[in-house]
Amino acid sequence: ISRVEIRTDQSLDLREYVYDRDIEKQVFKVSDEMNEIMELFSAAVKPLFEEISGIAPGWMKSPLSLSPYGCNQALRSWQASEPGRNAPSGLKGKNFKIFSLLASISQGMELLKNHGFHSALHAFEKFKDDNDGPGKWSSKILGSDSFKRMLSLLKHWCNNPEFLGHPKMQYLREVIMNHLLDHQNSQTRIMVFSSFRDSAEEIATVLGRTSPMIKPSVFVGQADSRHSKGMTQKKQIQTTEDFKSGKFNTLIATSIGEEGLDIGEVDLIVCYDSKASPLRMIQRMGRTGRKRAGKVVLLQNNGLNI
């Protein structure tokens with residue numbers, strides 16, 4: 001490489017071709033319902049957490065700080081340490097099992113924090129189905145009153161069509177409706193990005209209740225998931241054509257919608273989760289401001305990394 005040049009949207013030779021993007025960030029507090037689920041989750045995993053909390057304190061601050069990545073890193077850190085290398089095989093097996101269970105169940109809490117109650121319920125039900133057996137450590141979680149109460153509450157709320165499931169959802173619906181009211185005489189288009197398919201489908205269901213004002217459609221990959229089938233290539237093409245033609249005015253997409261698709265001009269981008277990599281966030285935001293000014297709304301949570 002003999003020459004490197006850098007351009008930004010403020011470069012003199014690009015400014016006249018680049019349209020403004022208004023970027024807005026909204027931060028949400030934990031709802032009372034989320035707090036109740038988080039307390040029950042903490043109580044359910046407490047026996048396992050206390051067994052290994054001293055092994056890798058940097059990763060094990062509290063039950064609510066658990067994450068799949070953190071659990072895997074904590075296990076690797078212990079295995080690489082002198083106590084871990086010299087531990088008897090029984091202790092190694094025990095710690096591996098506990099870390100694996102905590103990594104698995106913490107996926108549900110991650111989804112509750114960043115996506116909603118339906119996504120969390122599906123994850124906790126999967127955890128229950130995968131570990132419903134005579135295992136000593138899994139039974140400590142599954143047999144606890146806290147875990148049973150947590151599942152019962154999640155099912156109760158998810159069966160209520162008026163329950164939105166996350167503080168983000170109310171704001172998402174409002175910001176889209178306000179945008180459509182402000183652009184009544186235009187063929188405006190909106191994209192909502194969510195990294196998790198269950199969440200994308202839940203968003204589409206909630207927004208669909210406002211039809212015909214908000215006309216949503218989900219756009220996902222071809223692979224099937226536990227609770228839904230993927231979209232064939234033919235269906236994907238048809239969905240993008242329907243979106244451009246105005247049959248749908250709101251497209252709720254997973255990562256497949258971030259690049260490489262001809263979906264026309266989009267005036268509003270909403271990132272339902274903002275945990276994507278910087279590259280993916282740039283790709284998401286690049287969907288607007290191409291032919292005219294656009295707006296990007298980032299939805300984030302506050303006070304969840306406890």
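Predicted model: local features only at pLDDT ≥ 70, side-chain atom pairs only at ≥ 80, totals over all residues.
Local features need pLDDT of at least 70 and side-chain atom pairs count only at pLDDT 80 or more, while totals for chains, interfaces and linings use all residues. Residues are numbered from 1 along each chain as its sequence is written, and side-chain values use heavy atoms, without hydrogens and water.

The whole structure holds nine salt bridges. Each is a side-chain nitrogen of Lys or Arg within 4 Å of a carboxyl oxygen of Asp or Glu.

Start with Glu24 and Lys295. Their side chains form a salt bridge at 3.0 Å, N to O. This pair links distant parts of the chain, 271 residues apart. Glu24 sits in strand β1 (residues 21–28) and Lys295 in strand β6 (residues 294–301). Strands (E, at least two residues) and helices (H or I, at least four) are DSSP runs, numbered from the N terminus. Glu24 is buried, at 18% relative accessible area. Lys295 is partly exposed, at 25%. Buried means under 20%, exposed over 50%, and partly exposed in between (1.4 Å probe, protein chains only).

Next come two helices. Glu36 bridges to Arg149, with the closest N and O atoms 4.0 Å apart. Again the link spans distant parts of the chain: helix α1 (residues 32–52) carries Glu36, helix α7 (residues 145–158) carries Arg149, and 113 residues separate them. Glu36 is partly exposed at 32%. Arg149 is also partly exposed, at 42%.

Now stay within helix α1. Glu50 and Lys46 lie there four residues apart, about one turn of the helix. Their salt bridge has its closest N and O atoms 3.9 Å apart. Lys46 is partly exposed, at 45%.
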